[in-house]
Amino acid sequence: MHFIFNGLFLLAGIKWGNWRKWHDFYPTILFFIIGDLLKNFLFYDYRFWVYKETILAENILRNHTFISIMIMFVVYPSTIMIYLGHFPQGKVKAAFWISFWVFLFSSVEYINLHYLNLIEHHHGWSMYWSFFFNIVMFSVLRIHYKHPLLAWGLSAVWILFLWNVFEIPIEKVK
């Protein structure tokens, strides 16, 4: 099933992505991927959510790591190509655009969590946290595109915030 979701994001990225400006979006794509790689590496033994495959490709996508890597290299670039490629001018339109992406990502997670059993939440994570996380994520991705150093700083603050709220034991960090 993850192949289908990734395929849909890839097709959307091909169709609606702004490929003329891919070189402008490339640093933000890397920022997105690096953030997820860092989270997966540091919190390998203390994940807030775990991907799993239950419908198709169970023999290929046996664990969280393979699915997560596929998402990083298919969904994230496709998302950035569309998200930044069509980011509107004006605060109200920008707020609606961010809201659309928060709703999209939150809806996909909700469906995967409650209907398809493709994700599990752990250690107090919930759909409420995912929704909040998506708001921060899409806001910081836009900030990164315009002001990369500011986005790195905000990301560090966000990580410390989550670390304290969820009281992640230091011995669980790789």
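Start with the handedness: helix 1 and helix 3 cross in a left-handed sense. Keep in mind that this is a predicted model. The two axes come within 8 Å, and the crossing angle is roughly 25 degrees. Angles under 35 degrees count as roughly parallel, so helix 1 and helix 3 are roughly parallel to each other.

Now the residues at that crossing. Helix 1 brings His 2, Phe 3, Asn 6, Phe 9, Leu 10, Ala 12, Gly 13 and Trp 16. On the helix 3 side, they meet Ile 67, Met 70, Ile 71, Val 74, Val 75, Ser 78, Thr 79 and Ile 82.

Next, the core. Which residues touch the most other members of the largest nonpolar core? Tyr 83, Phe 138 and Leu 141, out of 43 residues. Helices 1 to 6 and strand 1 (49-51) each supply at least two residues of this core. Helix 3 gives the most, with 9 residues.

Tyr 83 then contacts Trp 97, Ile 98, Trp 101, Phe 138, Ser 139, Leu 141 and Arg 142.

Last, helix 2, residues 22-42. At 1.5 Å a residue, its 21 residues should span 30 Å. The end C-alpha atoms are 29 Å apart, which agrees. What is buried here? Phe 25, Thr 28, Ile 29, Phe 31, Phe 32, Ile 33, Asp 36 and Asn 40. The cover over these buried residues includes helix 3 (64-83), helix 5 (127-146) and helix 6 (148-165).

Technical notes. Residues numbered from 1 in each chain as written. Predicted model: local features only at pLDDT ≥ 70, side-chain atom pairs only at ≥ 80, totals over all residues. Heavy atoms only, no water. Helix = DSSP H or I, 4+ residues; strand = E, 2+ residues; numbered from the N terminus. Expected span 1.5 Å × (residues − 1). Buried < 20%, exposed > 50% of the residue type's maximum accessible area, 1.4 Å probe, protein only. Contact = heavy atoms within 4.5 Å. Core = buried A, V, L, I, M, F, W, Y, C linked by side-chain atoms within 4.5 Å. Axes fitted to C-alpha atoms, helices over the stretch in contact; angles between N-to-C directions. Parallel < 35°, antiparallel > 145°, perpendicular 65-115°, else oblique. Left-handed = near helix turned anticlockwise from the far one by under 90°. Lists of a residue's contacts leave out its neighbours within four places in sequence.
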